Amino acid sequence: MVRPFRFGVNMITPSTGDAWRRKCRKAEDLGYDVILVPDHLGMPAPFPSVVAAAEATERPRVGTFVLNAGFWNPALLAREVATTDALTGGRFELGLGTGYVQAEHDSAGLPWGTPGERVSHLRHTVEELERLLASDEHQPQTVQKPRPPLVIGGNGDRMLELTAQHADIAAFSGARRVPDGSPLQMSALTADELDERVATYHRFAAGRAEPAELNFLGQLVAVTDDPRAVVRPLLEYVPGLSEDEALALPHFLVGSVRDIADQVRGQRERFGFSYLTILEPYFEAFGPVIEELRGE
């Protein structure tokens with residue numbers, strides 16, 4: 001089944017109220033379907049930000065992309081989710097992940113733990129949220145039943161298994177942590193490597209009654225007639241790759257509007273990614289691509 005495209009923007013820059021509302025309305029005008037907020041120290045607080053985004057707009061859904069589960073107690077998170085869903089009129093999508101920046105946990109005085117412990121905490125959080133939000137006794141109640149759509153982001157095997165079991169939307173990234181590297185050291189996934197990750201997810205999801213929507217995070221957008229000039233300064237961040245190989249990375253969207261639209265179409269055909277998230281610094285540049293793909 002080929003799903004129609006959806007496009008989200010992940011708003012990462014703190015703003016005053018007026019500026020926040022203006023850029024959310026701009027995203028709506030450009031055709032974005034979802035306005036999203038991450039969960040990092042130094043960036044906007046997710047829940048008040050998505051409520052403000054919903055109040056400033058009429059059409060887009062709003063959501064978290066993605067919450068750092070290590071920051072949250074499941075019972076308190078259930079209260080936030082239900083209240084946000086009610087205040088946004090049922091437009092809320094809940095995105096969850098394990099978190100990947102130890103320094104943020106250290107700053108917040110929260111335990112970091114091993115990768116396995118972080119995935120286990122996320123699983124506990126998901127299961128508790130599903131139990132609490134499905135209960136008629138839980139207050140406040142959500143508008144969407146039995147809970148808002150759940151996005152889980154992650155590429156590892158245990159994360160993909162959890163995603164296959166619980167998530168309505170499976171969110172993939174074009175980067176992975178460097179083994180034994182710092183929490184901020186990431187390496188790019190090639191298209192073939194991403195193929196393997198998506199195939200692994202599908203193996204875990206083989207028994208699902210309803211297929212999940214597949215999301216992908218585009219980490220660079222540049223509308224240009226000289227793609228090589230764009231990626232050349234970025235080669236230091238993708239060591240070992242040539243300019244051609246860098247341009248072939250799925251999360252680099254570089255070229256003319258038509259070229260980028262064709263790349264997005266190709267990724268839906270190859271990987272099944274029908275829901276694409278764009279980072280805030282590039283959301284205006286990507287607007288003409290949304291127009292090119294409208295209705296597909």
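What follows is a short tour of a helix crossing, some aromatic rings and one valine.

A bit of housekeeping: this is a predicted model, where local features need pLDDT of at least 70, side-chain atom pairs count only at pLDDT 80 or more, and totals for chains, interfaces and linings use all residues. Residues are numbered from 1 along each chain as its sequence is written, and side-chain values use heavy atoms, with hydrogens and water left out.

**Stop 1: two helices**

Select residues 17-30 (helix 1) and 46-56 (helix 2); their axes come within 9 Å and cross at roughly 60°. Helices here are DSSP runs of H or I, at least four residues, and strands are runs of E, at least two, numbered from the N terminus. Axes are lines fitted to C-alpha atoms, for helices over the stretch in contact, with angles from 0 to 180 degrees between N-to-C directions. That makes helix 1 oblique to helix 2 (under 35 degrees is roughly parallel, over 145 roughly antiparallel, 65 to 115 roughly perpendicular, the rest oblique).

Now show side chains: Trp20, Arg21, Cys24 and Arg25 of helix 1 make the contact with Ser49, Ala52, Ala53 and Ala56 of helix 2. Contact means heavy atoms within 4.5 Å.

**Stop 2: aromatic rings**

The whole structure holds nine aromatic pairs. Rings of Phe, Tyr and Trp (its six-membered ring) pair if their centres lie within 6.5 Å; planes under 30 degrees apart are stacked, over 60 edge-to-face, the rest tilted.

Pick tyrosine 32 and phenylalanine 283: with centres 6.0 Å apart and planes at 55°, the pair is tilted. Tyrosine 32 sits in the loop between helix 1 and strand 2 (34-37), phenylalanine 283 in helix 11 (residues 283-293), 251 residues apart. Both are buried (under 20% relative accessible area; exposed is over 50%, partly exposed in between, with a 1.4 Å probe and protein chains only).

Next, phenylalanine 47 and tryptophan 72: here the centres are 5.4 Å apart and the planes at 90°, so call the pair edge-to-face. Phenylalanine 47 belongs to helix 2, tryptophan 72 to the loop between strand 4 (67-68) and helix 3 (74-87). Each of phenylalanine 47 and tryptophan 72 is buried.

For a ring cluster, select Phe172, Tyr201, Phe216, Phe271 and Phe273, which are linked by ring pairs.

**Stop 3: valine 81**

Finish in helix 3, at valine 81. Is valine 81 buried or exposed? Valine 81 has 0% relative accessibility, so it counts as buried. Beyond neighbours within four places in sequence, valine 81 contacts Phe47, Phe92, Leu94, Leu133 and Pro148.
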